[in-house]
Amino acid sequence: MAHGEEEPNHSSSTQNHEPEKEDGKFNAKKVILEHISDSHEWHFFSYPSEGGYKDVALPLPCILYNDVNGFSFFLFNKLHHGSVDGYSLNAEHHIGRSDGEGFYDLSITKNVLAMMISSILLILLFRTAAKGYTARPNQAPTGIQNLMEVLVSFVRDEAAKPFLGNKTDKYLPYLLTVFFFIWINNMLGLLPGGANVTGNIAVTTTLAIFTFILIITGSRKHYWMHILNPPGIPFGVKIILVPVEILGILTKPFALLIRLFANMTAGHLIVLSFLSMIFIFAQMSPIAGGGISLFSVAFSTFIYLLEMLVCALQAYIFTMLSSVFISEAIVEHSHSEEHH
Amino acid sequence: MELLKPELGLIIWTTIILLALIFILTKFAWKPILKGLNDREKTIAEALNTAEKTKLEMAAMKSQHEALLNEARQERSLILKEAKDMKDAIIGEARDKAKSEGAKMIEEAKREIDNQKMAAIIEVKNAAGNLVLEVSEKILRRELNSKDEQVKYINTLIEQSKLN
């Protein structure tokens, strides 16, 4: 995004590479969707070359499975030159099969690679921080340990302990991992050229499934009794309430996955939309484009700063709600029945 | 919408990465970090407790110290008082003794004087007796020479003694 702000012309060539080939018009929807979607190559920029544009992109390994061919491994850029094992690029620049057969796509996509990079970063960061505790036990923290300690104790004391109480230690490793995984991927997604990992519904679905599994495996009889036979409720109401409660088992993790996905995607959409306005107006007249760029850059910078807050906030909300939902399920004794 | 369709491949990869991340971070990061945090919190709490205890102990020691000082002060004044009393007693006793001794000595002196006086009187009496005897002897010796005069003399003596 930074290059979009500083060098609009160059950026436009990067972003609307494909649409310009088709009809020469800037297609904002396609540009934005390409930016926030997963991809089989990590696209950095394009530059004008004789008769068109050349891409600078890192081709990523494709791992595809099909009943006919079995597993196929190849780099994505091979498909630019023709079909491989019956796979070829379709009109939308996606992998398809010429024979129309179904296949499984297990490729290391941009998002997968981004997750691997952020995971390695996390491991390095926290490994360094953890060394401080073994090297200097019971001493004041220093350097990176100091920074991480604030965050770790924040998650422990604000997102886990108030809800999980004495069960905190059991779920804390998961909650910490999820918090930092979401946060670092949110932040890296904001970088120009970064992958929109947490704005991908598959990733948020997986995170929600993890929480859901923890809710179900940790649940006690009390939790299920409250859902299937809410105490102190008249029978007529129960007929309505019980199905709602049963749905609630699923809506809680569903809300988690939608919330994270929608927040992160919305942030990217707004920033990209503001920047796209520059090019839409520039097609009408260069002066309009120049004028609108002041407005666009100012607003997208503002949204960008807001997004940095949202990154931390969404990570916190996901973690906090996960521990709330888990804590509801693992309640052992039925103290709440006394209130009914 | 393509955006809302979760891709199976990405779900599988995310699951693998998350599981690995949870495992690795738990083993190499969360456990040592949380243990370090807990240990340090415990150490700090202990240090604070110890400080509080030491403070209380110090206060107790101070009050004890003060109590000791007070006691010492009281003892000192007591000792001083005792010494003064003793001094007074000794002086009084000495005075009494001196007085009684003096009285005794005066008494003795008086008695001695009396004795001496008595002895002197007796001596004087003896001397007077001897003198009388000597005189009598002399008189007797002279009287033997003349009978008449002797009778006359005796008669005067008798007369004298009768007068007594």
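How many salt bridges does the rule find across the interface of chain A and chain B? The rule finds two in this predicted model.

**View 1. The side of chain A that touches chain B.** Elements of chain A giving two or more residues to this side are α4 (28-36), β7 (104-105), α5 (110-135), α6 (143-164), α7 (168-190), α8 (201-218) and α10 (235-284). The most comes from α5(A), with twelve residues. Sorted by class, this side of chain A has 29 nonpolar, 15 polar and five charged residues.

**View 2. Extent of the contact between chain A and chain B.** Chain A brings 49 residues to the contact and chain B brings 35 residues. About 3,600 Å² is buried between the two chains, and carbon and sulfur atoms give 78% of this area.

**View 3. Open sheet of three strands in chain A.** The strand order is β4-β3-β7, and the pairing is antiparallel. At the edges stand β4 (70-75) and β7 of chain A; each has a single partner strand, so one side of each is without a neighbour in the sheet.

**View 4. Pairing of β3 and β7 in chain A.** Strand β3 (residues 61-66) and β7(A) run antiparallel and are joined by two bridges. A:Tyr65 has A:Tyr104, in β7(A), as its bridge partner. β7 (104-105) is also among the elements that give two or more residues to the side of chain A touching chain B.

Technical notes: Residues are numbered from 1 along each chain as its sequence is written. Chains are lettered from A and ligands numbered from 1 in the order in which they are written. This is a predicted model: local features need pLDDT of at least 70, side-chain atom pairs count only at pLDDT 80 or more; totals for chains, interfaces and linings use all residues. Side-chain values use heavy atoms; hydrogens and water are left out. Contact means heavy atoms within 4.5 Å. Buried area is the accessible area (1.4 Å probe) that two parts lose on being put together, summed over both. A salt bridge is a side-chain nitrogen of Lys or Arg within 4 Å of a carboxyl oxygen of Asp or Glu. Helices (H or I, at least four residues) and strands (E, at least two) are DSSP runs, numbered from the N terminus. Ala, Val, Leu, Ile, Met, Phe, Trp, Tyr, Cys and Pro count as nonpolar, Asp, Glu, Lys and Arg as charged, and the others, Gly among them, as polar. Two strands pair if DSSP finds at least two bridges between them.
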